[in-house]
Amino acid sequence: MVQNRFIIFGGTGDLTYRKLLPAFYNLFISQKLTKQDEILIIGRRDWTKTDYVRKMEPWVKEFARFKVEEDKFLEFIQQIQYLKMNLSALDDYSILKDYVTKSKAQVHVCYMAVSPQFFDPIVEGIHQIDLFNVRLVMEKPFGTDLLSATKLQRKVTRYFDEENIYRIDHYLGKDMVRNILTIRCENPIFDAVWNNRYIDHVNIFALEQVGVENRGSYYDKAGALRDMAQNHLLQLLSIIAVDNPHDLHTLSLQQSVVLHSLKLLEDSMIMGQYRGYLDEKDIDSKSQTETFARFSVGVETSRFQGVPFHIITGKEMMYRDTAIQIVFKSPYSGQKPNILTIQVQPKEGVEISFNIKTPGKSDEISEATMDFCQNCQMQNRINTPEAYEWMLMSIMLEDGSWFSHWDQIVTSWKFMDELIQKKPKPILYEKKSLGPEGGLTAEIVECIEKPFICKI
Ligand SMILES: NC(=O)C1=CN([C@@H]2O[C@H](COP(=O)(O)OP(=O)(O)OC[C@H]3O[C@@H](n4cnc5c(N)ncnc54)[C@H](OP(=O)(O)O)[C@@H]3O)[C@@H](O)[C@H]2O)C=CC1
Ligand SMILES: O=C1O[C@H](COP(=O)(O)O)[C@@H](O)[C@H](O)[C@H]1O
């Protein structure tokens with residue numbers, strides 16, 4: 001009997017190839033995924049398992065953090081099966097029913113690696129065939145706005161208990177994101193100054209060099225605000241701004257308190273669209289969808305009142321970098337601020353810049369930096385376990401901490417729906433640039449360009 005059967009709806013999509021299968025491979029190599037587990041790929045293409053394996057192999061080779069050895073790969077693919085069905089046709093779920101009846105499993109992890117419009121038919125389909133012991137995994141974005149998210153929640157909770165619903169935000173699986181609370185709360189030198197008395201502003205940015213690639217039909221409806229900001233970036237913001245949590249089980253609820261207190265700062269929005277976006281596959285030729293977004297928010301809590309948080313994300317940028325900069329107040333003008341930078345990816349680590357007396361000169365001050373480079377410590381190809389490895393492992397262990405609570409989804413959509421109403425038209429920017437004018441400040445560019453002292 002199969003132990004955990006991962007049923008991947010959308011098994012021929014970007015997420016599955018780029019993130020899930022490499023993560024499964026990593027779990028297999030580190031013996032977290034055993035021979036008793038199965039990955040059942042659901043696709044609508046008329047493929048055999050051999051066709052599928054041929055298609056996914058290069059992705060696993062490129063993105064797995066362990067080097068793919070031929071013999072290990074052959075063992076790994078024993079655990080993969082391919083099933084053809086149309087996930088939006090309810091009648092097709094009998095195909096899945098036949099499969100699970102013939103080959104039984106203890107746990108069914110139903111993973112929705114599809115756009116949000118397919119969540120509804122999948123939930124209905126799984127319910128209709130009475131699949132038992134289901135853990136329902138839903139990718140972000142959960143809905144496309146508050147209304148659709150609420151409808152979806154109603155539908156899902158009609159059939160499934162909250163404790164069996166795992167709303168994934170893979171940024172919560174990133175090692176340095178999980179490190180934020182430790183860095184903040186376990187070090188008195190940071191904990192004591194984690195408030196508006198000492199912090200001047202916060203920059204949170206996630207810049208990508210890739211464009212929309214083959215995901216045009218999904219992305220053109222979403223845009224950077226729904227695709228990255230409503231979920232990943234508001235997660236980061238709320239982990240930075242949350243009051244010290246008592247334990248991880250209450251974190252998500254505490255984060256929703258922060259999200260509830262967000263205020264968009266006036267005239268802070270800059271939207272951009274990279275030149276050439278309109279020629280990409282499945283993009284409306286007149287699309288006004290933003291591929292770059294910048295906005296600033298205030299957090300109206302006693303801890304952070306008055307501290308602006310600048311949120312920035314973009315595709316086809318000059319750099320790939322996700323980081324958080326905590327910029328402290330300078331006691332007098334002209335003094336360089338102390339900056340704590342949490343580097344999430346591709347550099348992983350922490351930097352702190354501070355002022356020192358310039359060596360050999362008595363009255364000059366210059367900036368110095370100390371850093372901890374996590375990549376260097378791990379000495380691995382892609383270092384720490386990939387985000388999806390953590391998430392998949394947590395699902396196997398039925399550990400719901402680090403998944404998004406419904407309250408969090410509600411508050412983030414409330415905020416984002418209003419923001420989207422007010423967003424300005426996108427300004428064109430060149431591919432591999434710094435985005436539209438005003439998008440990236442010198443402070444951010446300097447942070448991105450500064451390598452760790454300890455070189456990777
Ligand atoms: N890509 C990424 O890096 C990340 C994506 N996500 C989220 O994951 C979700 C999926 O994204 P992504 O993989 O990029 O999207 P894609 O558009 O690449 O993949 C969508 C998948 O859905 C399948 N599909 C669509 N319609 C049907 C149908 N009627 N029957 C059967 N299969 C169907 C597609 O099949 P076919 O191949 O036949 O078209 C494809 O496998 C989104 O919610 C996204 O936000 C989250 C984090 C990262
Ligand atoms: O959720 C998404 O995330 C990816 C970026 O993920 P990362 O782990 O590489 O930072 C983004 O490319 C995609 O558009 C979005 O849907």
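Mentor: Asp267 is found in the loop between strand E8 (262–264) and strand E9 (270–274), where helices (H or I, at least four residues) and strands (E, at least two) are DSSP runs numbered from the N terminus. This is a predicted model, in which local features need pLDDT of at least 70 and side-chain atom pairs count only at pLDDT 80 or more, while totals for chains, interfaces and linings use all residues. Residues are numbered from 1 along each chain as its sequence is written, and chains are lettered from A and ligands numbered from 1 in the order in which they are written.

The backbone at Asp267 has a phi near 55 degrees, a positive value in a residue other than glycine. Asp267 counts as exposed because it has 9 C-beta neighbours inside 10 Å; a residue is buried if 20 or more other C-beta atoms lie within 10 Å of its own, exposed if 12 or fewer, and partly exposed in between, with C-beta atoms placed from the backbone. Glu398 also has a positive phi, of about 55 degrees, although it is not a glycine. Glu398 lies in the loop between helix H12 (387–396) and helix H13 (406–422), and is exposed, with 11 other C-beta atoms within 10 Å.

Other loops hold cis peptide bonds. The bond from Lys140 to Pro141 is cis, with omega near -10 degrees, and Pro141 is found in the loop between strand E5 (134–138) and helix H6 (146–159). A cis bond also joins Gln345 and Pro346, with omega about -5 degrees, and Pro346 lies in the loop between strand E13 (339–345) and strand E14 (349–357).

Pro308, by contrast, lies in a strand, E11 (residues 308–314). With 16 C-beta neighbours inside 10 Å, Pro308 counts as partly exposed. Leaving aside neighbours within four places in sequence, Pro308 is in contact (C-beta atoms, placed from the backbone, within 7 Å) with His201, Leu265, Ser296 and Gly298. Pro308 and His201 are 107 residues apart in sequence, yet 5.1 Å apart in space, C-alpha to C-alpha.

The residues around ligand 2 are Glu208, Asp227, Met228 and Thr322.

Terms used: Near = placed C-beta within 6 Å. Contact = placed C-beta atoms within 7 Å.
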